[in-house]
Amino acid sequence: MPRPIEALVYPEALAHNLRRAREHAPDAKIWAVVKANAYGHGIERAFAGLQGADGFALLDLAEAERLRALGWRGPILLLEGCFEARDLELCSRLNLWHVVHHEAQIDWLATHKTTWPHHVYLKMNSGMNRLGFTPAAFRSAWQRLSGLTQVDEITLTTHLSDADGDLNTSRGIAHQLAIFEAATHDLAGERSISNSAATLRFAPKLAEVRGDWVRPGIMLYGSSPDFPHHGLAQWKLQPTMTLRSRLIGTQLLQVGDTVGYGSSFTADRGMRIGIVACGYADGYPRSAPTGTPVLVNGVRTQMVGRVSMDMITVDLTPVPQAYVGTEVTLWGRGPHGELLPIDEVAHAAGTVGYELMCALAPRVPTHVA
Ligand SMILES: *Cc1c(COP(=O)(O)O)cnc(C)c1O
């Protein structure tokens, strides 16, 4: 028998979450963001659930090739654009739309030989200060692109740094929206602004947040972008991934006994613990402390002691019948449909659902459920 850990991916839940994005932005088209191997779910597996999207957005040219190989003929957008001039050849060959966020990318386009003019996303740095032209430089970049025979359509885009917060606070999105609007109001072209947080929190009320295309990622994968303010259930999203394993051993502790490396947990009473075949080499966060939630046979309990490479230890007090072979849910759905949101595990470990799903290790066999 192989080591009992495995991950399950649910295409129907992906499709449900995509419909939720549509409900929040009914008049916009949807880029399903599938970067980082579809947030750890696998492009091929995610594609099975997300074919109702209007396009797929990602970063890696090899991932774009995989999508084309799956038969996707619709739009694909490279969110960081081309990394060097010759990437444009693949863009032409695979008909990829690409972000343009610095001058050299325009120089490369200007000397690129293509029979099919490209659809580009011109990106503004409206305050995030990662990628994009400053508001002051945006218009001349737009004019340069407009003059190129290699370009036929220019969509105007920016990325929001604080869409998980409130609208009008000092770091609220209203500030970035105003900067974007002021610099683009008289420029032709479609608009794309929103990530998941903006789609969930602001798109239903604000047409300028919806724009022509929204770009949800994390919400499609059953994680709330503004946890713990809102959880999965409040946004009516479904988990799309389960990480599960089994108990491979148990121990009886007496008062004063310690558990694991560094003896970081000390029993303050007699108790039974279970040893789970799951560790940081599987992608479970080493930073998860004693108290991190876990399901044993669907019953909620907690981790005790330190996460090691291949094992964790869990308190079996609420599940006295658990023994070697009992199913353990690290996140996702328990054996009888119980829910352990990935966000709760991430929060306990001091991180976000994004990081946990992206970190799922290649050694964990993953199946479509
Ligand atoms: C990753 C990404 C998104 C999706 O963000 P989520 O928070 O996962 O919804 C949208 N736009 C850009 C430019 C991105 O890089």
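Trainee: In this predicted model, what is the handedness of the crossing where H1 passes H3?
Mentor: The two helices are H1 (residues 11–24) and H3 (residues 43–50). Where H1 passes H3, the crossing is right-handed.

Trainee: Now the rings. What is the geometry of the aromatic pair Trp31 and Tyr121?
Mentor: A search of the whole structure gives eleven aromatic pairs. In the pair of Trp31 and Tyr121, the centres are 5.9 Å apart, with 75° between the planes. Over 60 degrees counts as edge-to-face. The pair is therefore edge-to-face.

Trainee: How many residues apart are Trp31 and Tyr121?
Mentor: Trp31 is in strand S2 (residues 29–33). Tyr121 is in strand S6 (residues 118–124). The pair links distant parts of the chain, 90 residues apart.

Trainee: Are Trp31 and Tyr121 buried or exposed?
Mentor: Trp31 has 0% relative accessibility. Tyr121 has a relative accessible area of 1%. Buried means under 20%, so Trp31 counts as buried, and Tyr121 is also buried.

Trainee: Which residues do ring pairs link into a cluster with Trp31?
Mentor: Tyr121 is one of them.

Trainee: Where does Arg300 lie, and which side chain does a polar contact join to the side chain of Arg300?
Mentor: Arg300 is in strand S15 (residues 299–304). At 45% relative accessibility, Arg300 counts as partly exposed. Residues touched by Arg300 include Pro318, Leu340 and Glu344. A polar contact of 2.5 Å joins the side chain of Arg300 to that of Glu344.

Trainee: What is the length of the polar contact between the side chains of Asp282 and Arg363?
Mentor: Asp282 lies in the loop between strand S13 (271–276) and strand S14 (293–296). At 0% relative accessibility, Asp282 counts as buried. Residues touched by Asp282 include Arg3, Met309 and Arg363. The polar contact of the Asp282 and Arg363 side chains is 2.6 Å.

Conventions
Residues are numbered from 1 along each chain as its sequence is written. This is a predicted model: local features need pLDDT of at least 70, side-chain atom pairs count only at pLDDT 80 or more; totals for chains, interfaces and linings use all residues. Side-chain values use heavy atoms; hydrogens and water are left out. Helices (H or I, at least four residues) and strands (E, at least two) are DSSP runs, numbered from the N terminus. Buried means under 20% relative accessible area, exposed over 50%, partly exposed in between (1.4 Å probe, protein chains only). Contact means heavy atoms within 4.5 Å. A polar contact is a pair of N or O atoms within 3.5 Å; within protein, one must be able to donate a hydrogen and the other to accept it, and residues adjacent in sequence count only if both atoms are side-chain atoms. Rings of Phe, Tyr and Trp (its six-membered ring) pair if their centres lie within 6.5 Å; planes under 30 degrees apart count as stacked, over 60 as edge-to-face and the rest as tilted. Axes are lines fitted to C-alpha atoms, for helices over the stretch in contact, and angles run from 0 to 180 degrees between N-to-C directions. A crossing is left-handed if the near helix is turned anticlockwise from the far one by less than a right angle, and right-handed if clockwise. Lists of a residue's contacts leave out its neighbours within four places in sequence.
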